[in-house]
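Hi,

Here is the structure I promised to pass on. Have a look at it first, and my notes on what turned up follow below.

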Amino acid sequence: ALSPFMPVVSMIPPLALLPMLFIVFGLDELSKVMLIVIGITPMLARDLEHRAREIPAELFIKAQTLGANSWTVVLRVVLPQLLSRLITSLRLLLGSAWLFLISAEAISATAGLGYRIFLVRRYMAMDVIIPYVIWITLLAWLMDLALRQLHKACFPWAEGGRE
């Protein structure tokens with residue numbers, strides 16, 4: 001039902017909403033979390049909708065032939081397909097999530113990696129900025145690795161025979 005609105009909502013720049021988020025949720029961590037959620041949810045929803053439309057009709061027919069009702073089809077056919085893609089989509093959107101977090105911290109935080117980077121930028125202290133960038137990169141890589149391992153453990157069939 002919300003499909004026609006997703007392309008429109010996904011075109012709203014999340015960083016433009018940041019002042020409103022600060023007003024509604026305050027300057028604490030909740031506004032940063034909400035920025036990340038608002039930033040990645042439309043793209044995530046569009047990707048999952050696209051994946052749901054790609055599920056072959058034969059799978060539905062086979063499940064119904066074997067006696068599956070609507071809920072069984074959703075739980076046993078659609079959900080495993082979408083959960084597999086959800087993890088992959090989250091991996092792809094990690095970069096955007098980090099961008100939103102660093103931006104929010106740079107604007108209104110008193111702590112955090114983004115705050116520290118923007119604090120020392122006025123001194124052009126590259127020797128301080130580069131370790132923070134390396135730390136962020138390491139954290140993002142570890143998150144990606146954890147999601148890859150989770151995907152491999154939970155959905156080995158989704159790898160397509162790749163080792």
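Glu54 is partly exposed, at a relative accessible area of 44%, and its side chain pairs with that of Arg51 in a salt bridge, 3.6 Å from N to O. Both sit in helix 3, 3 residues apart, so about one helical turn separates them. Keep in mind that this is a predicted model.

By the rule used here, there are 6 salt bridges in total. Another one links Arg85 to Asp47, with 2.7 Å between the closest N and O atoms. Arg85 belongs to helix 5 and Asp47 to helix 3, so this pair ties together parts 38 residues apart in sequence. Arg85 is partly exposed, with 25% relative accessible area.

Then there's helix 7 (residues 126–154), where Asp144 and Arg148 are 4 residues apart, about one helical turn. Their side chains form a salt bridge at 3.1 Å, N to O. Asp144 counts as buried at 15% relative accessibility, while Arg148 is partly exposed at 31%. Salt bridges with shared partners also bring in Arg91, making one network of Arg91, Asp144 and Arg148.

On to the nonpolar side of things. The largest nonpolar core has 11 residues, among them Leu18, Phe22, Ile40, Leu93 and Phe100. Helix 2 (18–25), helix 3 (29–54) and helix 5 (70–108) each contribute at least two residues to this core. Leaving aside residues up to four places away in sequence, Ile40 touches Leu90, Leu93, Ser96, Ala97 and Phe100. A second, separate core has 10 residues, including Trp98, Ala125, Tyr132 and Ile136.

Cheers

How values were computed: Residues numbered from 1 in each chain as written. Predicted model: local features only at pLDDT ≥ 70, side-chain atom pairs only at ≥ 80, totals over all residues. Heavy atoms only, no water. Core = buried A, V, L, I, M, F, W, Y, C linked by side-chain atoms within 4.5 Å. Buried < 20%, exposed > 50% of the residue type's maximum accessible area, 1.4 Å probe, protein only. Contact = heavy atoms within 4.5 Å. Salt bridge = Lys/Arg side-chain N within 4 Å of Asp/Glu carboxyl O.
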